[in-house]
Amino acid sequence: MTDPIISIRRLRREYSAGDETLAVLKDVDLDIHAGEMVAIIGQSGSGKSTLMNVLGCLDDGWTGSFTFNGRDVRKLSPDGLAELRREHFGFIFQRYQLLTELDAVENVEIPAVYAGAARKPRRERAAELLTRLGLEERLSHRPSELSGGQQQRVSVARALMNGGEVILADEPTGALDSRSGKELMALLRELHGEGHTIIIVTHDPAIAAQCQRVVEISDGVIISDTGKPTPKAAADAQEPALRRTPVWWGGIDRFREALFMALRAMGAHRLRTFLTMLGIIIGIASVVSVVALGQGSQEQVLENISAIGTSTINIYPGTSAADRRAGNIQTLVPADAAALAAEDFADSVSPQVSTNQPARYRNVSANASVNGVGPDFFRVGGRTFISGVSFSQEGIEERSQEAVIDETAAQTLFGTASAALGEVIILGNVPVRVIGVVEDQSMGFGFGNSLNVWVPYSTAMARLLGQRHLGSIAVRIADGADLAEAEQHITSLLGTRHGSIDFTLQNTDTIRETIQSTSRTLTLLISMIAVISLVVGGIGVMNIMLVSVSERTKEIGVRMAVGARRSDIMRQFLIEAVLVCLVGGLAGVALSFAFGQGLTLIMPDARLAYSMPTIVAAFLSSSMIGIVFGFMPARSAARLDPVEALARE
Ligand code: ADP
Ligand code: MG
């Protein structure tokens, strides 16, 4: 006689309830040979299901010895047990245990998915099995669209999917009407005839009578066993094995299935999924917008600086900004500017004094920033004239009462830029005639939209301020001249003229650096806030995933029963978390673009610079959030015990 396929010795299963331990199986010995059809009967609570769960490797908490086909089950890892369930067992449960979101074919093919069978033969085989069981019209029906008997036939097909060498059926007819029950028993007998080993748990003697061998269990002990077996030679139950894909491709396939399941799950709980995503959406949208806004303003400012010219040096009185503010250094005079203008490296030189004065035109009055400048100022500063011209050299010499104003000033005082030319405005109490209008130069971040009026520096010094010294001198360096060398020249020239270094030089490069570092700090600060909101969003994802795991415990149990490895379960939930976060990230980026569009409608001057690296970083961080915050729930799903998960309602 052949060795038994299942051999159990001194099997004990105890449950601890509080301080007490309750022995449900008490030193059970049982041999089952290949090709047998065994009924396990007994009263409710006698330990039938407990025994069945041990036989099916769903339960791990027993002591004793158990060999399956000569393999010591005790020594198998969780994945090893999953492999046994997947490759050798087929389960039929009282309550069918089909996955509600999948149709009949998809339910049947699950064991083959975890076995790494190729998609096409897998689907074909699932459809064949269903057809054979009389469900050819119901292939794409979901469990809720099937009768109990049909659902149970789907679960039989699922049990046969990977061969179903040993079929374990726990009260398979318990939920069926008598006719469906009879049909199911006929089907099981037919499978027995084909060589499958069949173990049925039942409390119904009529069912047991149809089996070749009856084992009766009472209070955890086998009290009778009809069959000292007379097994017929086990026929070859194995249907031709499905073509397996290469291991690496199987991995991709399982990934695709997990992705598909995650999408199904998300689709089934749309509102919940959306609310979960909301945190991520807002977080990503704010990070991307803030960075784009910061980048945009910075670009704007830098462009304006470039417009001023890369090679401009400003000379201020005083050895530092603090010194300058004291305001009593009066050594920088127009003659210095004239001396600098004579040098080769100077393309143009513009002396400057500035003051704030009320500007009036008829009954309109506004505070203006008034700058006394030289005729070259607009060239040095790269300003564009809309109409009119700059001052002439004669104007400077004669302290002419002429002014150039910017668009903002023209609009404020005259209503339109075109009405300004030739009109007389009163600065403080000095009347000046407008001879030119230049374009506005926004400094970004909302700066620089004040009214600007320029008059000859001589006019400003003599008529507005009553002073003989300058506020600053701007020198535009000739093309091809070296900036550093020019700075040295200026220092030595003015140092000699003044007798000491009582001035500071500032070139546009240093301004640019200052602005860049300021806006970087600002962006960093706001980004920190956005990152906090991302973390909060991530915690939301984790919460919902944990809820989802406990809600779908049953599904996890079913998947494990048909052979899913821990890593398969882990992957499914992790993918779901990452998917939620990725879609949230995508929506966040879209929201940020929408925000940018909205903002430019309200504030045409605002500029957002979306950069590819930011967007890529947003996606990376949202998937990281999915992985980090999805890990815990995914792991707790994967660690579930198959029996316990199945028992959960
Ligand atoms: P049945 O023969 O009706 O299938 P079971 O095998 O389900 O009986 O249960 C046998 C005994 O084990 C029952 O008394 C039941 O209360 C107990 N039992 C089953 N599962 C657990 C569990 N997870 N924890 C504690 N006791 C359990
Ligand atoms: Mg039971």
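Predicted model: local features only at pLDDT ≥ 70, side-chain atom pairs only at ≥ 80, totals over all residues.
Local features were considered at pLDDT of at least 70 and side-chain atom pairs only at pLDDT 80 or more, while totals for chains, interfaces and linings use all residues. Residues are numbered from 1 along each chain as its sequence is written, chains are lettered from A and ligands numbered from 1 in the order in which they are written, and side-chain values use heavy atoms, with hydrogens and water left out.

Strand β11 spans residues 312-317 and is mostly covered, with 6 of its 6 residues buried, where buried means under 20% relative accessible area with a 1.4 Å probe and protein chains only. Helices (H or I, at least four residues) and strands (E, at least two) are DSSP runs, numbered from the N terminus. In a regular strand the side chains alternate between the two faces of the sheet. In β11, Thr 312, Asn 314 and Tyr 316 point one way, whereas Ile 313, Ile 315 and Pro 317 point the other way. Two strands pair if DSSP finds at least two bridges between them. β11 pairs in the antiparallel sense with β19 (residues 472-477) over 4 bridges, and Ile 315 stands opposite Ile 473 of that strand. An antiparallel pairing also joins β11 to β20 (residues 503-507), over 5 bridges, with Asn 314 opposite Gln 506.

Grid points are joined across faces, edges and corners, and a volume is the space filled by probe spheres set on the points. The second largest pocket holds about 530 Å³ and is lined by 25 residues, of which Asn 53, Asp 170, Val 643, Leu 646 and Ala 647 lie nearest its centre.

The search of the whole structure finds 4 cavities of 30 Å³ or more. The largest cavity has a volume of about 150 Å³, and of its 15 lining residues Val 113, Tyr 114, Glu 257, Met 261 and Arg 559 are the closest to its centre. Two or more residues of this lining come from each of α3 (104-115), α8 (247-268) and α19 (566-602). The second largest cavity, of about 80 Å³, has a lining that includes His 269, Arg 272 and Glu 576; α8, α9 (270-308), α17 (508-551) and α19 each supply at least two of the lining residues.

Conventions: Buried < 20%, exposed > 50% of the residue type's maximum accessible area, 1.4 Å probe, protein only. 1 Å grid on protein atoms, 1.4 Å probe; cavity = no way out; pocket = protein on both sides within 12 Å on 5 of 7 lines; lining within 4 Å.
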